[in-house]
Amino acid sequence: MDQEIAPWASPAARARIAEVAAGLTDLSPGGVLATVETALHEHARQFDDEGIVLYAGTNVLGPAARRVSEPLVSGRPSMGWPGEKYQAGLDHFDTLEVLAPTLVARVMGARFAEVRSHSATLANLAVYTALTEPGDTIAVLPERAGGHTSHHAVGAPGVRGLRVADLPYDADAYDVDLAALPGFLAHERPKVVVIGASMMLFPHRVDAIKEAVAAAGAVLVYDASHLAGLVAAGRFQRPLAEGADVLTFSTYKSFGGPPGGAIATDDPALAERISAAVFPGLTANYDAGRLAPLAVTAAEILADGGAYADRCMAGARTLAAALHDEGLTVAGADRGFTASHHVAVDVSGLGGGRAAMARLAEAGIYLSAIGLPRQRPGEPDRGLRIGTQEVTRRGLDTGDLRQVAAWMADVLLRGADPGAVRKAAAELRARRS
Ligand SMILES: *Cc1c(COP(=O)(O)O)cnc(C)c1O
């Protein structure tokens with residue numbers, strides 16, 4: 001092929017891309033159809049049907065949300081508010097455009113919800129766009145504390161031309177260093193402070209953080225991308241009620257809806273500025289196809305009284321305790337391991353997070369590496385991050401989770417054959433779909 005994908009990528013990536021490209025010989029419509037059908041079929045078998053998916057940043061739609069997912073709707077741009085749209089003939093979309101933000105705001109305990117961002121990354125960019133000017137400073141959690149790419153200069157803040165300062169962090173508290181915070185804010189003078197991370201074992205002390213942030217004249221944003229399903233259920237914490245000015249989140253992780261981002265706030269002035277940043281600022285066609293499954297998912301969360309969130313959190317405690325009993329080093333041991341649906345395992349003595357992730361993948365157990373609060377800046381990820389939101393939805397029970405913990409320890413500590421574990425894992429999944 002004359003085309004290239006990423007000649008600037010790492011040697012490992014270039015080797016894999018070349019391997020895949022070498023197999024793509026038939027680019028006729030029929031050949032491409034056969035190729036993509038095989039890829040999708042094999043992916044569904046490996047990951048959806050046979051995999052133990054412990055990756056924290058994903059989930060599966062419920063059956064009702066899946067039923068109302070309609071690809072044709074995604075390609076119908078609907079620009080502007082109902083009653084003043086740029087396009088004609090989209091009267092029935094008005095229903096979705098009122099229903100989805102109403103339900104998302106209600107489930108988050110907020111007055112306003114903006115649901116047109118295609119992702120939480122773009123939701124964060126919309127918030128930065130609304131609340132900062134290029135050259136301003138924002139303060140965010142360091143990467144080892146789970147600060148996300150969309151909080152750091154390499155991501156959305158860099159796109160907005162912002163300076164990014166790492167918040168002082170207290171690794172023992174798994175939270176912002178409250179004693180150091182006022183001095184830090186006085187020195188750095190951020191316009192926006194972002195808390196909420198890609199791994200959240202314990203809640204932030206939002207009220208105390210808010211007090212310091214408000215005194216410094218900044219806006220407090222809580223990125224609940226991973227926690228949204230718990231927050232929506234009234235579990236873990238209620239960031240807006242506790243003092244955050246703005247809540248951003250992904251709608252497809254613990255929330256369990258379609259891919260997308262959302263922004264909630266109680267403040268009408270902030271809501272108006274953020275809304276203008278989303279449209280016409282950062283979107284044209286915002287993908288109305290997301291609204292129906294999003295509305296259905298939010299209504300189900302409201303009706304379920306927190307039962308799903310409770311099962312996710314109980315599953316995390318079960319898994320953490322079982323991994324600990326099996327001999328792995330589970331973070332947060334002195335505090336009951338976790339107060340969310342996340343579990344973190346320190347595998348720095350087992351070759352680090354990336355190596356452990358690869359070994360578990362051979363066994364059909366899928367998750368990701370993550371930095372841990374105690375690691376040094378620049379040190380490769382020490383940890384493995386687990387989220388229970390998908391296995392909970394798939395119906396894995398306490399006994400199943402203990403079995404999964406035993407398999408993980410077999411592979412990571414006891415040299416078990418990953419192929420044998422993978423077969424047993426697929427058998428477990430055949431019983432729990
Ligand atoms: C996953 C994540 C995001 C990005 O979400 P997308 O919807 O995939 O863009 C943003 N912030 C945090 C903290 C995340 O964990």
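Trainee: In this model, how far apart are the centres of domain 1 and domain 2?

Mentor: The model is predicted, so local features need pLDDT of at least 70 and side-chain atom pairs count only at pLDDT 80 or more, while totals for chains, interfaces and linings use all residues. Residues are numbered from 1 along each chain as its sequence is written, and side-chain values use heavy atoms, with hydrogens and water left out. The bounds, from an automatic or database domain assignment, are 65-303 for domain 1 and 306-432 for domain 2. Taken over C-alpha atoms, the separation of their centres is 28 Å.

Trainee: What area do domain 1 and domain 2 bury between them?

Mentor: The contact (heavy atoms within 4.5 Å) takes 22 residues from domain 1 and 25 residues from domain 2. Buried area is the accessible area (1.4 Å probe) that two parts lose on being put together, summed over both. Carbon and sulfur atoms carry 61% of a total of about 2100 Å².

Trainee: Which three residues supply 30% of the area that domain 1 buries against domain 2?

Mentor: On the side of domain 1 that touches domain 2 there are 13 nonpolar, 5 polar and 4 charged residues. In this division Ala, Val, Leu, Ile, Met, Phe, Trp, Tyr, Cys and Pro count as nonpolar, Asp, Glu, Lys and Arg as charged, and the others, Gly among them, as polar. The three that supply more than any other three residues are R144, M199 and F202.

Trainee: At what N to O distance do the side chains of R235 and D310 meet?

Mentor: A salt bridge requires a side-chain nitrogen of Lys or Arg within 4 Å of a carboxyl oxygen of Asp or Glu. Between domain 1 and domain 2 the count is 2 salt bridges. For R235 and D310 the distance is 2.7 Å.
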